[in-house]
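Here is the note you asked for on the model below. Please read it with the coordinates open.

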Amino acid sequence: MSYHLLIVDDEVLAIEGVKSDLDLNKLGINRLHTAINVRQAKELFEKERVDILLCDIEMPQGSGFDLLTWVREYYPNTVTIFFTSHADFKYAKEALQLGSIDYLLKPVRSVDLENAIRKAQALINRNSEFNRNSQSHQLWLKHHSFIIERFWVDLINHSIPSQPSSIHDQVELHHIPITEESVFLPILISVQKWKKELNRRDEKILEYALKNSAEEMIISDGSNGICFHLDRGMLLLIMVANRGTNWEYERLSQACEQYIVSCNDYFYCDLSCYFGLSVEAYEMAGMVAELRRQDRNNVAFVNQVYLQNDNGTYRPHAKLPPLGVVASLMKTATKDAVVHEVETILDSLVNSEGMNADILHQFNQNFTQVVYSFLNLKGIEANQLFGDEESRQISESAGRSVMDMLIWARHAVNKAMIHAEAIKETEKIVQIVKIFISQNLDQDMTREMIADQVYLHPDYLTRIFKKETGYVLSDYIVIEKVKVAKELLTHTDRPVSVIASTLGYTNFSYFTKLFKKHVGLGPMEYRGQNNKDQ
């Protein structure tokens with residue numbers, strides 16, 4: 001069999017380098033085309049047959065991903081190989097190799113390029129064999145997956161009513177390969193956690209690889225199926241067959257298990273697969289909604305395959321225990337003892353097999369109430385202690401899974417108890433406040449501003465400050481400012497108005513009145529008397 005190859009790269013030298021490395025006769029390539037941008041590539045597709053597309057990712061007038069999206073819509077039988085010079089994509093190389101598309105890093109070694117092309121040829125040959133041997137498979141491949149994906153997405157999102165007549169109209173209109181004998185098996189694939197921090201661009205690359213790998217590993221040779229993105233971090237794989245088909249659940253389950261292991265190793269994520277029941281098209285929206293619900297309620301386990309028998313078993317909800325012991329331990333025990341008690345309670349809920357998203361949400365509410373009550377008892381404002389970005393993100397994630405809940409529990413308990421322990425050291429807090437006041441005498445300080453420095457409620461700080469020093473905060477600030485004013489009046493020639501401004505008083509008359517109240521003399525009288533005494 002002969003093949004037509006198209007190379008797309010905005011760097012002409014890169015194209016020439018690849019051409020020089022290719023032995024066209026050895027690879028059975030009888031036509032070689034080149035393009036330097038997406039527009040030229042599309043023009044060639046419309047004029048020439050293209051079996052294999054070798055495409056750069058980063059190009060100034062449209063990316064390789066943009067071109068592939070277009071190719072999959074209009075030329076679904078073309079096999080694509082990506083290559084790029086960006087080293088930060090290095091981790092994605094192994095990931096994409098699991099799918100039907102290879103991924104090469106420039107400069108491409110000739111042996112890697114040859115292997116990638118031979119892999120593409122093998123896939124083309126396999127698809128050609130399917131076309132010859134399976135009329136239904138030929139019909140499935142004839143229509144671009146984009147049209148089929150759009151049909152299913154619209155049906156699941158109720159843009160197409162879940163009525164046989166409405167579905168029949170759409171099938172006829174868009175030539176969707178569905179007959180009256182067609183039945184479908186949906187499998188929901190949900191990413192539960194990325195194991196490394198990713199920006200959105202890298203996440204999309206890995207999601208793309210997840211999709212390709214699912215098609216390669218779960219939809220077996222000769223089977224009909226489609227896989228597409230349902231939501232962020234969520235794929236839907238739909239197997240299709242004729243009514244009466246005996247679905248190979250054991251094979252599919254094993255394929256999903258292998259897929260999960262590969263994703264753990266190469267895609268830096270935990271995920272689970274949820275099998276639905278065999279349904280007709282008009283039942284698909286309801287079944288997918290049920291699979292989504294099961295995924296939402298799976299807050300305890302990762303990297304699992306859930307067959308419908310497992311999913312369909314109704315389990316009683318876990319009984320939420322009171323958290324009085326946790327509250328008591330926060331007052332009397334160590335941080336480790338409190339965290340251990342939280343872990344024990346959550347383990348018990350998970351082992352009861354009734355843990356779900358609602359129960360976890362309720363537990364989170366009760367736990368947060370315990371922590372906030374403890375903070376209130378200690379005079380600590382929760383928004384000051386947990387108002388930072390890290391605490392906000394950890395708190396918001398607590399309801400996603402038991403593991404995320406444990407992370408929030410450890411964070412909240414540690415922060416609350418460490419700070420509660422710190423406020424026992426009243427002298428230290430008072431010293432911090434005094435230093436802050438002395439360093440900010442030029443400011444119009446409020447007790448709220450000062451309380452923020454030690455994460456205490458203003459009323460509570462005022463009480464402990466007066467108990468320790470004998471002064472109310474506002475009086476202490478004035479006394480310190482008057483001390484500095486006396487020093488400046490005695491040892492400098494600065495005008496009184498400048499001294500007042502230096503100490504944060506913009507109203508000269510008010511400063512004079514305040515100074516006289518505490519010293520018994522006005523600023524000018526004090527300066528004159530002090531100079532006279534000297």
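The points below cover the model's basis, one annotated site, backbone exceptions, salt bridges, helix packing and an annotated span.

1. Basis. This is a predicted model, in which local features need pLDDT of at least 70 and side-chain atom pairs count only at pLDDT 80 or more, while totals for chains, interfaces and linings use all residues. Residues are numbered from 1 along each chain as its sequence is written, and side-chain values use heavy atoms, with hydrogens and water left out.

2. Aspartate 56, annotation and setting. The unreviewed UniProt entry carries the annotation "modified residue: 4-aspartylphosphate" at Asp56. UniProt positions are given in the numbering used here, feature names are shortened, and annotations may be inferred rather than shown by experiment. Aspartate 56 lies in strand S3 (residues 52–56); helices (H or I, at least four residues) and strands (E, at least two) are DSSP runs, numbered from the N terminus. With a relative accessible area of 4%, aspartate 56 is buried. Buried means under 20% relative accessible area, exposed over 50%, and partly exposed in between (1.4 Å probe, protein chains only).

3. Aspartate 56, neighbours. Not counting residues up to four places away in sequence, aspartate 56 touches Val8, Asp9, Asp10, Gly64, Phe83, Thr84 and Lys106, where contact means heavy atoms within 4.5 Å. With lysine 106, aspartate 56 forms a side-chain salt bridge (3.5 Å, N to O). This pair links distant parts of the chain, 50 residues apart: aspartate 56 is in strand S3 and lysine 106 in the loop between S5 and H6. Both aspartate 56 and lysine 106 are buried. A salt bridge here is a side-chain nitrogen of Lys or Arg within 4 Å of a carboxyl oxygen of Asp or Glu.

4. Cis peptide. The bond joining lysine 106 and proline 107 is cis, with omega about -10°. Proline 107 sits in the loop between strand S5 (103–105) and helix H6 (110–133). Most residues other than glycine have a negative phi, and most peptide bonds are trans.

5. Positive phi. Histidine 158 has phi near 70°, a positive value in a residue other than glycine. Histidine 158 is in the loop between helix H8 (145–156) and helix H9 (164–174) and is exposed, at a relative accessible area of 56%. Asparagine 303 also has a positive phi, near 60°. Its place is the loop between helix H12 (284–297) and strand S10 (305–306), and asparagine 303 is partly exposed at 23% relative accessibility.

6. Other salt bridges. The count comes to 30 salt bridges. Among them is the pair of arginine 109 and aspartate 112 (3.1 Å, N to O); arginine 109 is exposed at 52% relative accessibility, and aspartate 112 is partly exposed at 22%. Glutamate 389 and arginine 392 form another salt bridge, with the closest N and O atoms 2.3 Å apart. These two residues are separated by about one helical turn because they are 3 residues apart in helix H18 (residues 389–397). Glutamate 389 is partly exposed at 43% relative accessible area, as is arginine 392 at 37%. A network of salt bridges links Arg200, Glu203, Glu207 and Arg232.

7. H10 against H11. The axes of helix H10 (residues 200–217) and helix H11 (residues 249–266) come within 10 Å and cross at roughly 150°. Axes are lines fitted to C-alpha atoms, for helices over the stretch in contact, and angles run from 0 to 180 degrees between N-to-C directions. The crossing of H10 and H11 is right-handed; a crossing is left-handed if the near helix is turned anticlockwise from the far one by less than a right angle, and right-handed if clockwise. Leu210, Ser213, Ala214 and Met217 of H10 meet Ala255, Gln258, Tyr259, Ser262 and Cys263 of H11. By class, this contact has 6 nonpolar, 3 polar and no charged residues. Ala, Val, Leu, Ile, Met, Phe, Trp, Tyr, Cys and Pro count as nonpolar, Asp, Glu, Lys and Arg as charged, and the others, Gly among them, as polar.

8. Annotated span. In the unreviewed UniProt entry, "domain: HTH araC/xylS-type" covers residues 431–529. The end C-alpha atoms of residues 431–529 lie 34 Å apart, and the span is 74% helix and 0% strand.
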